[in-house]
Amino acid sequence: MAQSLELLLIQFLMPDNDARRQAEEQIKRLAKDPQVVPALVQHLRTAKTPNVRQLAAVLLRKKITGHWAKLSPQLKQLVKQSLIESITMEHSPPVRRASANVVSIIAKYAVTAGEWPDLLPFLFQCSQSAQEDLREVALILFSSLTETIGNAFQPYFVDLQALLLKCLQDEASNRVRVAALKAVGSFLEFTSDGDDLVKFRQFIPSILNVARQCLASGEEDVAVIAFEIFDELIESPAPLLGDSVKSIVQFALEVSSSQNLESNTRHQAIQIVSWLAKYKSNSLKKYKLVIPILQVMCPLLAESNNSNEDDDLAPDRAAAEVIDTIAVNLPKHVLPAILEFSSLSSQDTNPKFREASVTALGIVSEGCVDLMRDKLEPVLHIVLGALRDPEQMVRGAASFALGQFAEYLQPEIVSHYESVLPCILNALEDASDEVKEKSYYALAAFCENMGEEILPFLDPLMGKLLAALQSSPRNLQETCMSAIGSVASAAEQAFIPYAERVLELMKLFMVLTNDEDLQSRARATELVGIVAMCVGRGRMEPIIHPFMEAAVLGFGLEFSELREYTHGFFSNVAEIMDDGFAQYLPHVVPLAFSSCNLDDGSAVDIDESDDENINGFGGVSSDDEAHDEPRVRNISIRTGVLDEKAAATQALGLFALHTKNSFAPYLEESVKILVKHSEYFHEDVRLQAVISLKHILTAAHAIFCNSNDGQAKALEILDRVMNIYIKTMTEDDDKEVVAQACMSVADIIKDYGYMAVEPYMQRLVDGTLTLLREEAACQQPENDSDIDDDGDTAHDEVLMDAVSDLLPAFAKAMGPHFAPIFAKLFEPLMKFAKSSRPPQDRTMVVASLAEVAQNMGAPIGGYVDGDSFLQRLMHLVLKELASSDATNRRNAAFCVGELCKNGGELSVKYYGDVLRGLYPLFGDSEPDNAVRDNAAGAVARMIMTYPQSIPLNQVLPVLLKALPLKEDHEESMAVYSCISTLLFSSNPQILAVVPDLVNVFAQVVVSPVESPEVKAEIGRAFSHLVSQYGQQMQPLLSNLSPAHANALAAFAPRS
C-alpha cells in the first residue's frame, strides 16, 4: 500500500483537476483499511517534498480516529514515536504543525487510557529547548491539547502557568511569544476554577506587550487574540482584572481610534470596552475611566463609514453600543460628558459631528432617563435645531433622537408638545425619505403617551398622514401606519371623524398577497385593531366582519409577522366586542393554538471547517469522520416565531377573559398550552402566559360557577395557576415575568378573597420574603455592576413595586390576622427605606406601609413606636413629609394619617410632630394639589381618632383653606365625614367657620368628580345646619351663585 499511496499523494497535489479527482477517489478507498495508518506515517517521515509530508499528516489526522482502536500496541507505539520525531526533527513549520495536530487527536484516546505517559514531559522539555521551532511547536500542542485532554493538565497547572508567562516574555522569538499568546487563550477557555483564573491577572502586562508588538509588525489577526483573552477574563465572575483594567482600556482605546487598522481589529477593541461597561462598570467608575472612554467613543460616532465595510463592524455602530451600555450602567457619570460633547459638536462645521451630537443624546436617553428629564430644555434645543439642519444625515439623526426621547423620557417629554410636534410635522414633509421614515417613528413614539394635548394638532397631522399613506413608497407607508395608530390611541373618541377613511384605506392593504407587501398588510391589520379600540363596539360591530375575514385569510400566507399582528388584531376586537366576539372563536382559537404549537425554529450551525483545508487538502474524507465531534458554532432562534407565539399566548387569555362561558370548549387545551408556556425558554412568551393564566382563571370561574362539579374543576385550575405563580416568584430569572406573577396573585386575592389563597399562604409569604431579601433567581447579579459600592443603585420599578403591592393585598384580605405575617416581612421591607436607597424605594415603602396600616388596622400600632427609631414607621414617615419628591410627600401624608388612625394611644405622642410636618403641605409653597389633599385626609383622620389631642382652633382654619379637595378625591370621604361629625356634635370650633363651610359644601355638591356617597354626606351635614339654624342660613345661601345655592338647597329636605 505504501508505494501506491505515495504516488496517489503526489497525484493529489497536481494542478490537473481530473488527476486530483481520481487520486481522491482511490485514497478514500484505501483509507478504509487500518493499514493506511502506518503507510501515512511512513510518508510523513520519508517523503522527499514537504507538501507530501504535510498532506500525509493531514490525512492521518482525519483517519486516525476511526482506526486507532484497531491498531496493535506495537503499531500504536510506532505512530507515537514517528510523530514525536516529526515534531523534533522536521524542518518545515507547516509539517510540524500538521504533526502536532495529529498528536492532539491521538492524545484524546492514548493519554486518557494511560498509553502515552511520556507525552507531557516531552512537551515541557520542548518548551524549554534552545530551538525556537521546538518551543513554538510545544506551545501549539499545549493549545490544541486543552481541547482534547484538558483535565490531564490539572496536576501541572502551576508549572504550565509559569511556563506560559515565561514564553510570553521570550525576548528571542516573536513566534514563541505569539504561540504563547494563543496557548493562554486556549487555557483560559478550559479553566473554570476561580483560584486558577485569578493567577492569569499577572499575565496581562505581557499579553498587552505581545499584542502591541503584533500590531506594530502588521499581525493584526494575532493581536485580536489578546482581545479574545480579555473577553474571557471580563466575563468571568472571578476578580481577574484588578487595576489592570486601566491598561486594558488604554490599549483598547488606542486600537479603537487607529483608523489605519482593520475594521475587525478596531471592532474587537471597541467590543472589549463594551464588555467592560456591561460586566465591570464599577471598575470603570473606580479607576475614573468613563470620561476617557467617552472622549474616544463620541468622536467615533462621527467617523465616516466606508461603503465597502460590513455595517456590523463599523466603528460608529460599535461606539454607539459602548455609549449605550455605559449609560445604562453608570448614568450619572455619563450624561455631563455627553451634554458637553453634544453642545460643542452641534456647532461643528463638519455635518458628521453635528449628526453625532444628536445621535449621542438619543443613545443615552434610555440609560440616563432620570437625569435627562431635568435637562430636557437644553437637550431639546440641540435636537430641534438639528431637525432644521441643511444636511439630511443630521435631520435624520435628530428624528431618531426625538423618537428615543418620546420612548424613554415620558411623561416629561409630552409637556413640550407645543415645541416638538410642529417640528415633527415639518419633518414629515422632508425631501429625504429616510428623514420622513424616522420622523414617522418619532411621531408614533411621541403620540403614544399623549392625551387631549394632541387635539389642536389632530387635523393637520391626519391630513399629512393620510396624504402620505396614499402616495409614499411601501416602507414609508408602514411607518406612517404606525404613526396613525399612535395618533388614534392618543385622540381616542376625537379620532372618530378620521376612522372611516383610515379603515377604507386599510381594506386595500389587507388584501395584498405579494411577499414584498406582507409587511404592509401586517401593519394595516394592526392599525384596524387600534382604530377599533378608539371608536368602540357600537361603530365597529356592524362593519368588522370583512376585516375579520381578511385577517383569517392572511393567516395562510406563511408570514410570521402578519400572523403576530393578526393575533393582536383579534385580541383588540375581542376586547371591544366582549361576548359579541364569541361567534368568531371557532375561527380564531384554532389559529392561536396553531401559533402556540409552532416549532421554535432553533437553528444550530455546525462548524465542520478544518483549519488545514488549504490547497484542497480538506477534500478527502470518509465515513470514519463521523467519529469526530463537530463544534457548535452558533445557536439562533427565529425571533419572528417567538413574537408570534407571544401574541398568540396573549390572545388566548383575552379571548377567555372577554367571552367567558363561550370559551368553555377551548378551556382545557388553553390551560395545557399556558402551563407549558409558563416555563418557555424566552421571557416574552412566559410573560404572556403568566398574564393569560389569570384571564383563564376568570373564565373558568364563570364557566364552572353554576355546574354541579364546577367548584372542584375551578379549584383544580386555581391550584395549577397558583403553583405556577409561586414557582415563578422565586425561580424565574426575568423581573418582568416575576412582577406580573406578583400582580396576578394580588388580583386573585382581591377577586376571590383570602379563602381562595389560604392553602398557599405560607409559600406566598416565603416567596415574598425571598423577593424582599433580593434573593430570588431574577435578582441575582449578572456582573459586578449589580453589586454597587457608592449609591448608584437604581429603584427596581418593574419588580419591587409589584412585590411591595403584595403586602397591602394580604392585609386587605386578612385584616388584623395579617399581623404575625407582617412581623416577618417588616424588616426586609424597611431595608428599602434606608437613606442610602433611591427616593423611589422610600416612596414604595411608605405607600405599601400606608395601605397595610389602612387594611390591617390596630396591630400596626406595634410598629409605630420602637427602639430602632430610624427603622420604625413614624420616624420614616415624618422624614418623608419633607421630601423633595411630591409622590413621597403625598404617600407620607396618607401614611401618617393611617398610622394615627390605627396606631392607638402610642401614636398620640407624635401628634405634635405630625401636625408640624403636615403644616407646610397646606401652604402656598406646596405646588402639588394631591399632596395637599392627602395632608387634609391625614388631619381629618387624626381629628376623628383623638379630637381632644388636636388644637382645633388652630387646625380647622388651615384645613378649610385647603377645601374643596382638588385632585385626590379618594380622600373626600375621610375629610367630609370629619367635618360632618364635628357639625353633628355641635363642636364650637366648627360652628365658628360655618360661612366658609357652606361655600365648600356648595362646590362639592356641584362637582362632577365627587361620588354620590360624598355628596350625600355633605347633604346630611347641610340639612343638619338648616334644621339647627333655619333662617340664619339664608344670608349665607344668598352669597352663593344661584346654581350653587339651588344645588345645596336641594339637599335640605333630606334632614
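I began with helix α6, residues 93–110, which has 18 residues and reaches 25 Å from its first C-alpha to its last, close to the 26 Å expected at 1.5 Å a residue, the expected span being 1.5 Å times one less than the number of residues. I found 13 of the 18 residues of α6 buried, so α6 is largely enclosed by the rest of the structure; buried means under 20% relative accessible area with a 1.4 Å probe, protein chains only.

I noted that this is a predicted model, in which local features need pLDDT of at least 70 and side-chain atom pairs count only at pLDDT 80 or more, while totals for chains, interfaces and linings use all residues. Residues are numbered from 1 along each chain as its sequence is written, and side-chain values use heavy atoms, with hydrogens and water left out.

For the whole protein I recorded 55 helices and 2 strands, taken as DSSP runs (helices H or I, at least four residues; strands E, at least two) numbered from the N terminus. The C-alpha trace spans about 130 × 75 × 70 Å along its principal axes, and buried residues make up 55% of the 1055 residues.

I then looked up contacts (heavy atoms within 4.5 Å): among those between residues at least 6 apart in sequence, 74% join residues at least 24 apart.

Key: Buried means under 20% relative accessible area, exposed over 50%, partly exposed in between (1.4 Å probe, protein chains only).
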